[in-house]
Amino acid sequence: MTALIEQMAVNGLMAGLVYTLMALGFTLVFGIMRMVNFAHGELYMVGAFAVLALNGYLGLGYFPAVILATLITAIFGAVVERVLYRPFVGRELGGMIMSLAVAITLQALALIFFGPADQSVERPVTGTWRLHEAVVPLDRTLVAVCAVVALMAFHLFLRHTRLGLAMQAVAQDRDTASLMGVEAGSVYLRSFAIASALAGFAGALMAPVYTVAPTMGELPMLKAFVVVILGGLGSVPGAMLGGLLIGLSESVFATLFDTTLALIASFVIVLAVIVVKPNGLWGRAAR
């Protein structure tokens, strides 16, 4: 029983870290731009396909490919924000419709250029190791370590840089931030680029673990949405807490029952939380 509990905890924490990476970008865009970006899962897909192209087709090493894929996704996200999303800042319904159009378009483009078949990226590491009685795959360990480093870097960036503080100021009150000299448009662009980089980084990390396909972003997007609703829309600490909670709950239910019930349990948990706390575990009331 102890071994089972440890295995569920390890699996849940590792899954939760990836969910948190995805959810951070999603909640960052909503918190600052007041836009629900349903194309966030396709940015995850862009990162995965970029690694596939750089590592699998061009022969670049996996770790340089991950870094380049993250940068490519960030630049791509910045272009999408400036050209397609900027007119819909503050207009949540219009922004949602545009994000759905972007998601459908990106899936179609991936289908055209890469085909419908699942493709794989070679694993940079193989094998397992033991954490007490839990068996931990080395590739998942690598993903977890990279995710922790990224989350720590994001936290430090948000708290101790001028841009991070400007992003928090715009999220709290755009008009007051503008009076204090913060240029909201620049913050929108950089925030969306960072959110895209987080999604692309998650996709790049997970590309060797799962297969790469045009529709691979749908489930991570759904998980990110669940996490953000649980933690509170626009709340970065809530996204972190929600990601870990959903990861642990899914691990427990998937191990004891099955994956379908685990997904259902995630929604049940969210429903139970928003009945008691409509703004989520760490959310704030809408302005």
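**Exercise 1. Find out whether Lys223 is buried or exposed, and describe its salt bridge.**

Step 1. Begin with the relative accessible area of Lys223, which is 10%. Buried means under 20%, exposed means over 50%, and partly exposed lies in between, with a 1.4 Å probe and protein chains only. Lys223 is therefore buried.

Step 2. Next, check the kind of model and the conventions. This is a predicted model, in which local features need pLDDT of at least 70 and side-chain atom pairs count only at pLDDT 80 or more, while totals for chains, interfaces and linings use all residues. Residues are numbered from 1 along each chain as its sequence is written, and side-chain values use heavy atoms, leaving out hydrogens and water.

Step 3. Now look for the partner. A salt bridge is a side-chain nitrogen of Lys or Arg within 4 Å of a carboxyl oxygen of Asp or Glu. Lys223 pairs with Glu250, and their closest N and O atoms are 3.3 Å apart.

Step 4. Helices (H or I, at least four residues) and strands (E, at least two) are DSSP runs, numbered from the N terminus. The pair links distant parts of the chain: Glu250 sits in helix H10 (residues 236-256) and Lys223 in helix H9 (residues 218-231), 27 residues apart. Glu250 is buried too, with a relative accessible area of 10%.

**Exercise 2. How many salt bridges are there by this rule, and what are the surroundings of Asp139?**

Step 1. The count comes to three salt bridges. One of them joins Glu81 and Arg86, with the closest N and O atoms 2.8 Å apart. Glu81 has 0% relative accessibility, so Glu81 counts as buried.

Step 2. Asp139 forms a salt bridge with Arg123, and here the closest N and O atoms are 2.0 Å apart. This pair links distant parts of the chain, with Asp139 in helix H5 (residues 138-160) and Arg123 in the loop between helix H4 (92-114) and E1, 16 residues apart.

Step 3. Compare the two ends. Asp139 is buried at a relative accessible area of 9%, whereas Arg123 is partly exposed at 38%.

Step 4. List the neighbours. Contact means heavy atoms within 4.5 Å. Leaving aside residues within four places in sequence, Asp139 is in contact with Arg123, Val125 and Val209.

**Exercise 3. In what sense do strands E1 and E2 pair, and what is the phi of His132 in the turn?**

Step 1. Two strands pair if DSSP finds at least two bridges between them. E1 (residues 128-131) and E2 (residues 134-137) pair in the antiparallel sense, over four bridges. Across the pair, Thr128 stands opposite Pro137 in E2.

Step 2. The two strands form a hairpin with two residues between them, and His132 in the turn has a positive phi of about 60 degrees. Most residues other than glycine have a negative phi. His132 has its positive value although it is not a glycine.

Step 3. With a relative accessible area of 60%, His132 is exposed.

Step 4. Look for another positive phi in a residue other than glycine: Arg34, with a value near 55 degrees. Arg34 lies in the loop between H1 and H2.

**Exercise 4. Which residues touch the most other members of the largest nonpolar core, and which element gives the most to the nonpolar patch?**

Step 1. A nonpolar core is a set of buried Ala, Val, Leu, Ile, Met, Phe, Trp, Tyr and Cys residues joined through side-chain atoms within 4.5 Å. The largest core has 85 residues, of which Leu21, Ile32 and Met33 touch the most other members. H1 provides the largest share of this core, 16 residues.

Step 2. Zoom in on Ile32. Not counting residues up to four places away in sequence, Ile32 touches Met167, Val170, Ala171, Val187, Tyr188 and Ser191.

Step 3. Turn to the surface. Patches are made of residues with over 30% relative accessible area and no salt bridge; like charges are joined within 9 Å, and nonpolar side chains (Val, Leu, Ile, Met, Phe, Trp, Tyr) within 5 Å. Accessible areas come from the Shrake-Rupley method with a 1.4 Å probe, and for residues only the protein chains shown count as cover. The nonpolar patch, with about 830 Å² of accessible area together, includes Met1, Leu4 and Phe257.

Step 4. H11 gives the most to the nonpolar patch, with three residues. Phe257 lies in the loop between H10 and H11, and is exposed at a relative accessible area of 52%.
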